[in-house]
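Hi everyone, thanks for making time this morning. Let me put the model up on the screen, and then we can walk through it together.

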Amino acid sequence: IYFIVHTVFLYGYMVVSLFNFLYSSIKNSGFFSKQSLYTAIGSLIPLVTNVLVTTKIISVPVYTTAISFSAAVLFIAVAIFRYHFLSISPIALRTIVDRISDGFLVVNDEYRIIDYNKTMESAFEKILTISRNKSLQEVFQGTCLIDSDNNLIDFINMAKISGMSVTFEKHIQKGNYDRYFSIEVTPIIINKIQLSTVMLFRDITENVRHLEAIEEKHAIMMEQERLASLGHLIGGIAHNLKTPIMSISGIVEGLKDLVAEYRASIGDESVTVSDHYEIADEMLSWLNKIKPYCSYVSDVIDAVKGQAVNLNASSMVSFTVNELVKRIQILMKYELIRYKCELNTKISVDLSSELNGDINSLIQVFDNIIINAIQAYEGKTGSIDFHIDGDDESILFTIRDYAKGIPNNIKHRLLKEMVTTKGTAGTGLGLYMSYSTIKGRFGGEMWFESEEGKGTTFFVRLPRKVSQTA
Ligand SMILES: Nc1ncnc2c1ncn2[C@@H]1O[C@H](COP(=O)(O)OP(=O)(O)OP(=O)(O)O)[C@@H](O)[C@H]1O
Ligand SMILES: [Mg+2]
């Protein structure tokens, strides 16, 4: 009985092991398949021989057992030395591949899946099931990876043709599933033959969301800044419009008197033809005086309207230095008068020199700098130089004041951070946003020099408009 139990246990044990080897050789491909297969065959030969000899189904010479064991040794030796059976490194490699944070997928030239790792499986488990031998179309159906233009297959072909890696980004959305991936497609080419294609899937959802949040924050800040400068502006508009409107109403009064005088002269024989001409000319001259005031009012309205539109809807148009200076002068006029400051504008470039970009955001930058200069005089009379020079490629704007200067302890933080020394009267947004506008929207540079007690100079250098024909 001991012999029977022992034998059944032993054979059972061997059959289970063999089954495992065979199963693993079918499930895997290439390397792993072969090492299992050789080991299985190596074990199978003596087993079968032994069964045959023991059960005497066929009669074989005694040395058959010895030969069968030699064959077993040979096969297992091949599995160990040629295919590194029992070596830890393929298993270690597999474990790493399964655990790396990038998902990967290998397909053959019929776009069927040969291999993938656990990361890949779990990245998509909510919306699809990946399995070996399925085609890409079957697996990714219903996602933009297959259904849209520029799908996975297109990129695989692109990588095949170029023989190089191709990387692209996809936003995959299905029901609640909403993730961004950066996908790198690499052809595996050995001896000029394309064997398969490896695809690495990196989940970049967090990065994308982070970027979106930053952009949103930036947009909110731009909006706050716009509203703040709009506040300044509205104070100014009233004064800007008051003068021309008062003048126009004065002219209207003058005209009214003239008309009354003319009316009284009707039928008066002492009024000659030349008198009539004279009255008419005088009326006309009053009317002509209204015109410049009207165009001034219209300019003010244009300038204000420009600042009031949403800066986010940035328009890539061009404008001239002349337009820019005119608008800045109109918008700053009230602020300058109110704080008894003088703006000395000196333009050493052609007035028709053109710049690229949204004029309104640039005006906001200069308004900020000029208002800072006005505030630096702290209500005292002062002068501010606004010089415009340039070379062939760029235009340099210099804004200089002779006021108290920027405190040394905030100099290194200015432009890159929000800094203010004005307490609740300031936000520190002014220069911070100006700097990002100049760098980001105009591709320009902005810097400053300042000495406490002597004054401050801000420099803004902007590239000239690139001519279309160049
Ligand atoms: N021309 C200048 N002279 C002296 N100090 C200046 C000058 N320009 C800027 N500063 C200093 O830099 C700080 C930051 O200026 P910024 O325009 O960014 O913000 P703010 O003027 O304080 O606030 P806001 O612009 O929102 O009114 C100011 O608080 C001030 O201390
Ligand atoms: Mg400011």
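T345 stands opposite F386 in β9. The two strands here are β7 and β9 (residues 382-390), and they pair in the parallel sense over 7 bridges. Before going on, a word on what you are seeing: this is a predicted model, where local features need pLDDT of at least 70 and side-chain atom pairs count only at pLDDT 80 or more, while totals for chains, interfaces and linings use all residues. Residues are numbered from 1 along each chain as its sequence is written, chains are lettered from A and ligands numbered from 1 in the order in which they are written, and side-chain values use heavy atoms, with hydrogens and water left out.

On terms, strands are DSSP runs of E with at least two residues, helices are runs of H or I with at least four, and both are numbered from the N terminus. Two strands pair if DSSP finds at least two bridges between them.

Back to our sheet. It is open, with 5 strands in the order β7-β9-β10-β12-β11 and mixed pairing. Its edge strands, pairing on one side only, are β7 (341-347) and β11 (445-451). The twist averages 15° from one strand to the next, using axes fitted as lines to C-alpha atoms and angles from 0 to 180 degrees between N-to-C directions.

Now, what surrounds ligand 1? The shell has 20 residues, and the closest are T420, T421, K422, T427 and L431; a residue counts as near if one of its heavy atoms lies within 4 Å. For polar contacts, meaning pairs of N or O atoms within 3.5 Å, a polar side-chain atom of N372 lies 2.8 Å from a ligand oxygen atom. D401 places a polar side-chain atom 2.8 Å from a nitrogen atom of ligand 1, and for T456 the distance to a nitrogen atom is 3.4 Å. The protein covers 93% of the 590 Å² of accessible area that ligand 1 has on its own, by the Shrake-Rupley method with a 1.4 Å probe. Elements giving two or more residues to this shell are α12 (359-376), α14 (429-442) and β12 (455-463).

Let me finish with the other sheet. This one is also open, with 5 strands in the order β2-β1-β5-β4-β3 and antiparallel pairing. Its edges are β2 (113-116) and β3 (166-174). Inside it, 5 bridges join β1 (residues 103-107) to β5 (residues 193-203), and G103 stands opposite F201 in β5.

How values were computed:
A polar contact is a pair of N or O atoms within 3.5 Å; within protein, one must be able to donate a hydrogen and the other to accept it, and residues adjacent in sequence count only if both atoms are side-chain atoms.
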